Amino acid sequence: MRILILAAALLASTATATAQTPLEAPLPPVRPWHGASEKLVAKPNDPWITPAEASGFVTTPDYAATRAWIDRLVAASPLLSIETFGKSPQGRDLYAVRAHKGTTPKPVLLVQAGIHSGEIEGKDAGLMLLRDIALHGKDRLLDRVDLVFVPIYNVDGHERSSPFNRPNQRGPKDMGWRTTAQNLNLNRDYLKADAPETQAMIGLIRRLDPILYLDLHVTDGIDHRYDVTYAFSGWRGYYARSAAIGRFLDTRLRPAMDAALKRNGHIPGYYVSTLDNRAPEKGMTQDVDTPRFSTGYGDIAHIPTVLVETHSLKPYRQRVLGTYVFVEESLRLAGERAAELRAAIDADRASRPTSVVTSWKQTPEPIYRVDFLGLAHDTYRSPASGRDELRWLSKPVTFRMPVYGSNPDKAVTLPKAWWVPATLPHVIDLLKLHGVTVEPIAVPRTLDLDMARATDPKLGNANEGHIPLDATIIHERRRETMPAGSVRVPADQPLGLLAAFLLEPESEDGVLAWNMAPEMLQRTEYIEGYAIAPLADRMLASDPQLKAAFDAKVAADPAFAADPTARLQWFYARTPYYDQRYLLYPVGREVN
């Protein structure tokens, strides 16, 4: 009874505290907005009004309600079909809606919403556009291209819904969760493809071979006047590994998209990522996306990919309408310029780079400046933080924003091929998932290969289901026997660049960096002190060069000098008894 009374008292005190505490995060003031895209909203008596429209864009439908509305629309239109392309860890269908007119196969615009399922206006914009294509006269958009729309990519995260999931975002009322049921961020998983959702999406991408791929998001950060920002590799001519695709996106898509958004009352801009959110005037960055991201993956897989990021502080209605305009204009552009897009894709898939930059560093000076459409801010003293905090105001300001880029930090020359041993079946499966050409061997094969050793290895903190590995890479020539079932991965192929980012030991998104071969870090044999100490003494006495190296190590490293075990291990590593495969990255490089 006492426990029940205490529990009731605790519940009552919690309820009182809740009533007295402002739980809703205070956001900057809302600026009034009106635009031509408002005409896209269905009338209240429209029988095909979407759930979001019906709520006045206050709410977004859950998984079941979304699917029910789509099923009803598909049943009402011969232009639409629906297919399941995967299953989530919690058993929900991953599904896509295809909008197609006629009987002739057409190129595909692939659009996905809800990879971060709290950023969900892509779903509600897509429902509106599907309705208008199927029933309200916009079927001409399908004359030369198909639309394949994934309304909810992260379906499990979508159902972990709460009004408190995204404190920096203005609506809808309930928002999904950023990561999956396995706590994986799908927009960090493209290359390593751990999540079942990612594996399903890669399969869908390979099957559709889209001429354009949109990844719909919401971004927070600083406040400003842009409501629809976006990015792709090749913006202003910078950093496209798929050069022809980058040129198309920058010279064809960007001008058309900016014009369409402005016509409809929206303010487009490059994705805003500032050096310091507390001092935005310091500058913003145009980064090189790694292939863990959709845009970085599309760049190395030669898939025209655009990241769309509406601004979280704009009202949900405005963000949905901006996204609608973006997708509709992409569909129009893909249809009108399908041949040009395909030619760019083919050109990049025919290219054969001989080297690749594996890491980048920020440029010391801006690469360009833009007239940035910002908002004024001031500061106030916060009793909670004990410092001056930034406070956004509604007053517009425009200033010259410096934009910093990236310079190559490390680069590698690509080999003729990579050899992946049969002892790494998960890596072989990953290559096949991505569509990389592999050449399996049925009998063992002995080769002279360039191998990499991970010296001074350091394990990082848990990240995206892995314990990452950082190490200094030392290359060495070795005679290696690859067992039956191993594969040769030629660099001379359309996805040679993707293979490089996965297999090169210096890659920041590869097998070694994600620690996909952790067995290389384990040593299983050792030598007793009674054996190594006299052997080390003899080595010192008989090898002047080794003695000089040892003396230099002792002089330079006091901790080593004071550690008898470390001293003896130093000698052990220079004996034939030492495990020569310890820290040896098992993927070989065929360089001649």
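Biologist: Before we start, what counts as buried here?
Modeller: A residue is buried when its relative accessible area is under 20%. This is a predicted model, and buried residues make up 53% of the 592 residues in the chain.

Biologist: How many helices and strands are in the chain?
Modeller: The chain has 16 helices and 17 strands. Its C-alpha atoms fill a box of roughly 95 × 70 × 60 Å, taken along the principal axes.

Biologist: And the contacts, what share is from residues 24 or more positions apart?
Modeller: Such residues account for 78% of the contacts in the chain with a separation of 6 or more.

Biologist: Let's look at H12. How many of its residues are buried?
Modeller: Eight of the eight residues of helix H12 (residues 496-503) are buried. Among them are Gly-496, Phe-501 and Leu-503.

Biologist: Next, H13 and H14. At what angle do their axes cross?
Modeller: The axes of H13 (residues 529-542) and H14 (residues 544-556) cross at roughly 110 degrees and come within 6 Å. That angle makes H13 roughly perpendicular to H14.

Biologist: Which residues meet there?
Modeller: From H13, Met-539, Leu-540 and Ser-542; from H14, Pro-544, Leu-546, Lys-547 and Phe-550. By class, the contact has five nonpolar residues, one polar and one charged.

Biologist: Switching to aromatics. How many pairs does the structure hold?
Modeller: It holds 19 aromatic pairs. In one of them, Trp-235 with Tyr-270, the ring centres are 4.8 Å apart and the planes are at 55 degrees, so the pair is tilted.

Biologist: Where do those two sit in the chain?
Modeller: Trp-235 is in the loop between strand E6 (228-231) and helix H7 (243-263), while Tyr-270 is in strand E7 (residues 268-270). They are 35 residues apart, and the pair links distant parts of the chain. Both Trp-235 and Tyr-270 are buried.

Biologist: Why is the pair of Tyr-578 and Tyr-582 called edge-to-face?
Modeller: Planes over 60 degrees apart count as edge-to-face. The planes of Tyr-578 and Tyr-582 are at 75 degrees, with ring centres 6.2 Å apart, so the pair falls in that class. Both of these tyrosines are buried.

Biologist: Back to Trp-235. Which cluster do ring pairs link it into?
Modeller: The cluster is made of Tyr-230, Phe-232, Trp-235, Tyr-270 and Phe-326. The charged end of Arg-254 also sits over the ring of Trp-235, 4.8 Å from its centre.

Biologist: What lies over the face of Trp-48?
Modeller: Arg-72 does, at 4.1 Å from the ring centre.

Biologist: Now two single residues. Thr-198, buried or exposed?
Modeller: Thr-198 is buried, with a relative accessible area of 1%. It lies in helix H6 (residues 196-208). Leaving aside neighbours within four places in sequence, Thr-198 is in contact with Tyr-153, Leu-186, Asp-189, Tyr-190 and Ala-193.

Biologist: And Asp-470, buried or exposed?
Modeller: Asp-470 is exposed, because its relative accessible area is 52% and the cut-off is over 50%. Asp-470 is in strand E15 (residues 469-482).

Biologist: What is Asp-470 in contact with, leaving aside its neighbours within four places in sequence?
Modeller: Asp-456, Pro-457 and Lys-458. The C-alpha atoms of Asp-470 and Val-412, which are 58 residues apart along the chain, are separated by 17 Å.

Methods:
Residues numbered from 1 in each chain as written. Predicted model: local features only at pLDDT ≥ 70, side-chain atom pairs only at ≥ 80, totals over all residues. Heavy atoms only, no water. Axes fitted to C-alpha atoms, helices over the stretch in contact; angles between N-to-C directions. Helix = DSSP H or I, 4+ residues; strand = E, 2+ residues; numbered from the N terminus. Parallel < 35°, antiparallel > 145°, perpendicular 65-115°, else oblique. Contact = heavy atoms within 4.5 Å. Nonpolar A, V, L, I, M, F, W, Y, C, P; charged D, E, K, R; others polar. Phe/Tyr/Trp six-rings, centres within 6.5 Å; stacked < 30°, edge-to-face > 60°. Buried < 20%, exposed > 50% of the residue type's maximum accessible area, 1.4 Å probe, protein only. Lys NZ or Arg CZ within 6 Å of the ring centre and 35° of its normal.
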